[in-house]
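Subject: Model handover

Hello,

Here is the structure I promised. Please open it alongside these notes. My findings follow below.

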Amino acid sequence: MTEAAAGDLSVSIWRGGEDGSFTTYRVPARASQTVLDVVTHVQRHIDPTLSYRFACRVGMCGSCAMTVNGRPRWTCRTHVSKVAEGGKLEIAPLANLPVIKDLAADMSPFFEKWQAAGGAFAPTLTRADPVEPIRPSEPDRVVADAGIECINCGVCYAGCDTVRWNADYVGPAALNRAWTLMNDRRDGAQRERLAAVAADGGCHACHSHQTCQDFCPQSLSPTGAISGLKRMATRAYLRGELKP
Amino acid sequence: MNVRLYLWQRGTAALMAPLVLIHVAVVFYATRQGLSAADILGRTRGSVAWGLFYTAFVAAAAIHAGIGLRTILAEWTPLGARGAALTATAFALLLAGLGARAVIAVVMP
C-alpha cells in the first residue's frame with residue numbers, strides 16, 4: 001500500500017464484485033472532509049468508472065453507507081479526521097449484502113426482509129375518514145417515536161453478527177420497523193406482523209450483541225426494539241394467540 | 001429460533017438456576033461432611049424427592065442444551081436448519097438418556 005504524503009490520504013477502495021480487491025489511491029486531505037467527499041474525489045478526478053451510491057449528502061436518505069476501516073458507517077456524515085488511521089482509509093461496500101460493483105452493495109435482501117417482517121403499514125382508515133388524533137405523549141406513541149427516525153441505511157444490518165451467521169435472520173432494521181408499527185394503533189396488521197417476527201429468523205434469533213445500536217448513525221436502539229418484540233411475542237404465545 | 005423454542009429455552013434456564021444452586025450446595029455439603037459414596041447412596045436410594053429433583057434437572061438440561069446446540073449448529077456449521085435440528089434433537093435425547101441412567105442408578109433402591 002502506498003504511504004500517504006503530508007497533505008495526502010492513502011485510500012484503499014474495493015474495486016470489482018464479490019471477487020474484487022482493493023486499489024489504493026492518493027487523495028488530497030482537506031478540512032472538514034467527509035468519507036463521501038473522498039470517494040467522490042476518486043470518481044470525479046481519478047477513475048470515473050468507480051461505482052458508489054449517494055443522494056442527499058446530509059444524512060437523510062440512507063444511501064451512502066459503506067464499510068470504512070472495517071466498520072459500517074454513513075459516509076456523508078463521517079469526517080475523515082475522525083476515522084482515518086495514520087492518514088489511511090480502507091473503504092469497502094457494506095458487509096452481509098451481495099456486491100454489485102465497487103462500493104455499491106445490493107440492498108435487495110435488506111428490503112425483502114424488511115417487508116417479510118411486516119414493514120408495510122396497513123391502514124385501517126381510508127382517505128375519506130377523518131384523521132385520527134394521536135397525542136405525542138401517548139405511551140405507545142412514545143415507544144414508536146423512539147424508533148421511527150431509521151433511514152434504512154443498512155449500517156446495523158451490515159454490522160450484525162447474527163445476520164452474518166444466519167441467512168434467515170431479518171435483521172435489526174426490519175425488526176425496529178416492525179416494533180414501531182406494533183406500537184401504532186392505526187395499523188391493522190398487528191397479528192400477521194407479530195406472527196412474522198416470532199417465526200424462525202425473527203426477533204428471537206437475535207443474540208443481543210448490541211452492535212446495531214452501537215453502530216446506528218441515528219443513535220437508535222434496535223436492540224431495545226427487538227427486546228420489546230420478544231416480550232410482546234412471548235406474551236401472545238402464552239395467551240395462545242401465536243402458533244409458530 | 002422461534003417464540004416456542006425461545007420460551008422453552010428461557011423456561012428451562014429459569015428452572016435450572018435454582019436447581020444448579022441446590023446441586024452445588026449439596027456437593028459442598030457432601031464433601032465437607034466427608035460423606036462416602038455409600039453414605040450418599042444410602043440417602044438418595046428410594047427417595048422420591050431426590051428422584052424428582054434430578055429428573056427435572058436432567059429434563060431441563062437436555063431441552064436447554066438441545067435448543068442451544070441447534071442454534072450453534074445452524075449458525076456455525078454447513079448442516080443447514082434441518083440438519084441442525086435433527087442433530088440437536090439426537091444430542092438432547094442422548095443427554096436425556098444418559099441423565100436418566102444416572103438418576104436411576106442413584107435413586108432406584
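Start with the sheet. In chain A, 5 strands make an open sheet, ordered β2-β1-β5-β3-β4, with mixed pairing. Its edge strands are β2 (21-28) and β4 (71-74) of chain A, each pairing on one side only. From one strand to the next, the twist averages 35 degrees. Strands here pair if DSSP finds at least two bridges between them. Helices (H or I, at least four residues) and strands (E, at least two) are DSSP runs, numbered from the N terminus.

This is a predicted model: local features need pLDDT of at least 70 and side-chain atom pairs pLDDT 80 or more, while totals for chains, interfaces and linings use all residues. Residues are numbered from 1 along each chain as its sequence is written, chains are lettered from A and ligands numbered from 1 in the order written, and side-chain values use heavy atoms, without hydrogens or water.

One pairing in detail. Strands β3 (residues 65-68) and β5 (residues 88-92) of chain A run antiparallel and are joined by 2 bridges. A:T67 has A:A92 of β5(A) as its bridge partner.

Helix α1 (residues 35-46) of chain A lies across β1 (8-15), β2, β3 and β5 of chain A. It runs at about 95 degrees to β2(A). Axes are lines fitted to C-alpha atoms, for helices over the stretch in contact; angles run from 0 to 180 degrees between N-to-C directions.

Next, a helix pair. The axes of α3 (residues 108-116) and α7 (residues 172-182) of chain A come within 8 Å and cross at roughly 30 degrees. That makes α3(A) roughly parallel to α7(A) (angles under 35 degrees count as such). A:F110, A:K113 and A:W114 of α3(A) make the contact with A:A173, A:A174 and A:R177 of α7(A). Contact means heavy atoms within 4.5 Å.

One residue to look at is A:R141, in helix α4 (residues 139-145) of chain A. At 14% relative accessibility, A:R141 counts as buried (under 20% relative accessible area, 1.4 Å probe, protein chains only). Beyond neighbours within four places in sequence, A:R141 has contacts including A:I134, A:N183, A:D184 and A:R186.

Overall, chain A has 10 helices and 7 strands. Of its 244 residues, 48% count as buried. The C-alpha trace of chain A spans about 65 × 40 × 30 Å along its principal axes.

Best wishes

Technical notes. Parallel < 35°, antiparallel > 145°, perpendicular 65-115°, else oblique. Buried < 20%, exposed > 50% of the residue type's maximum accessible area, 1.4 Å probe, protein only.
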